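Subject: Structure handover

Hello,

Here is the model for your files. Please load it first, then read the notes below.

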Amino acid sequence: MTRLSALIAALTAATYVVLVWMQIFQVKPHAGGNLPLDLRLLGYTPDDARAFLQHLDPMGRMIYQNQVRWVDTVFPVLLAFVLGRMTFLTSFQFHLWSRVVLLVPIAGYVVMDLCENALIQELLRAGMADFSQETALLASQFTTTKFVLLSVSIALVLWLVGRKLKQDRLAR
């Protein structure tokens with residue numbers, strides 16, 4: 001791993017810690033203890049989203065719409081870069097096009113995460129006055145799909161790393 005790759009991996013980890021810290025210790029207390037929407041692995045119903053928004057006070061809304069939004073825009077891009085680089089480096093024995101195909105779940109993850117963020121921002125902007133069940137349902141579907149694609153991406157990277165380590169041991 002190059003120094004730049006190590007730096008980007010460390011930056012990604014730090015960004016993740018900051019993001020989770022903001023959502024758990026800054027947004028959640030301002031939402032009556034309700035978990036932020038984009039941390040709900042199994043998604044949420046429109047009623048869950050409505051309840052979250054009803055409990056979210058102005059300070060929590062401001063944090064979610066500003067600081068969390070910016071960090072949650074940078075994080076998925078950084079994570080996709082790290083996962084993509086690891087995938088590409090550990091799959092060198094595959095044909096180039098096969099290596100590119102292995103990047104599809106990672107690309108899907110980053111697109112789902114960024115789209116989910118945009119939909120959640122739309123819900124936050126609309127508030128209770130213009131709450132849209134369709135937007136809440138779509139945001140939830142993006143949240144669930146994001147976590148599925150992230151799980152597939154991580155499993156793929158772990159499989160490739162394990163495969164490479166095994167090949168390196170056999171080569172000695």
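At what angle do helix α1 (residues 3–27) and helix α3 (residues 58–90) pack, and how far apart are their axes? The angle is about 150°, and the axes are 9 Å apart. Axes here are lines fitted to C-alpha atoms, for helices over the stretch in contact, and angles run from 0 to 180 degrees between N-to-C directions. That makes α1 roughly antiparallel to α3. The classes are: under 35 degrees roughly parallel, over 145 roughly antiparallel, 65 to 115 roughly perpendicular, and the rest oblique. The α1 and α3 crossing is left-handed, meaning that the near helix is turned anticlockwise from the far one by less than a right angle (clockwise would be right-handed). In the contact of α1 with α3 there are 17 nonpolar, 7 polar and 2 charged residues. Nonpolar covers Ala, Val, Leu, Ile, Met, Phe, Trp, Tyr, Cys and Pro; charged covers Asp, Glu, Lys and Arg; the others, Gly among them, are polar.

Ground rules

This is a predicted model, with local features needing pLDDT of at least 70, side-chain atom pairs counting only at pLDDT 80 or more, and totals for chains, interfaces and linings using all residues. Residues are numbered from 1 along each chain as its sequence is written, and side-chain values use heavy atoms, with hydrogens and water left out.

Confidence and overall layout

The mean pLDDT (the predictor's confidence in each residue, from 0 to 100) is 95 for the protein. Of its residues, 99% reach 70 or more. Confidence is lowest in helix α4 (residues 96–101), with a mean of 94. It is highest in helix α5 (residues 104–126), at 98.

The protein has 6 helices and 0 strands. Both are DSSP runs, numbered from the N terminus: helices are H or I with at least four residues, strands are E with at least two. The pattern along the sequence is α-α-α-α-α-α. Along the principal axes, the C-alpha atoms fill a box of roughly 65 × 30 × 20 Å. Of the 172 residues, 41% are buried. Buried means under 20% relative accessible area, exposed over 50%, and partly exposed in between (1.4 Å probe, protein chains only). Take contacts (heavy atoms within 4.5 Å) between residues at least 6 apart in sequence: 74% of them join residues at least 24 apart.

The helix α6 pairings

α5 and α6 pack at about 155°, with axes 8 Å apart. They are therefore roughly antiparallel to each other. Their crossing is left-handed. This contact has 15 nonpolar, 5 polar and 4 charged residues. On the α5 side, the residues include Y109, M112, E116, I120 and L123. Those on the α6 side include A136, A139, F142, T143 and K146.

How do α2 and helix α6 (residues 133–171) pack? The angle is about 105°, with axes 8 Å apart. That makes α2 roughly perpendicular to α6. P46, A49 and R50 in α2 meet Q133, A136 and L137 in α6. By class, the residues are 4 nonpolar, 1 polar and 1 charged.

Is D38 buried or exposed? D38 is buried, at a relative accessible area of 4%. D38 sits in the loop between α1 and α2 (46–55). Beyond its neighbours within four places in sequence, D38 contacts Q23, Y64, D72, E116, N117, I120, T143, K146 and F147. D38 and D72 are 34 residues apart in sequence and 9.7 Å apart in space, C-alpha to C-alpha.

Y44 lies in the loop between α1 and α2. Y44 counts as buried, at 5% relative accessibility. With neighbours within four places set aside, Y44 contacts L37, A49, I120, A136, A139, S140 and T143. Y44 and A136 are 92 residues apart along the chain, and their C-alpha atoms are separated by 8.2 Å.

F131 is in the loop between α5 and α6. F131 is buried, at a relative accessible area of 15%. F131 and T12 are 119 residues apart in sequence and 33 Å apart in space, C-alpha to C-alpha.

Best regards
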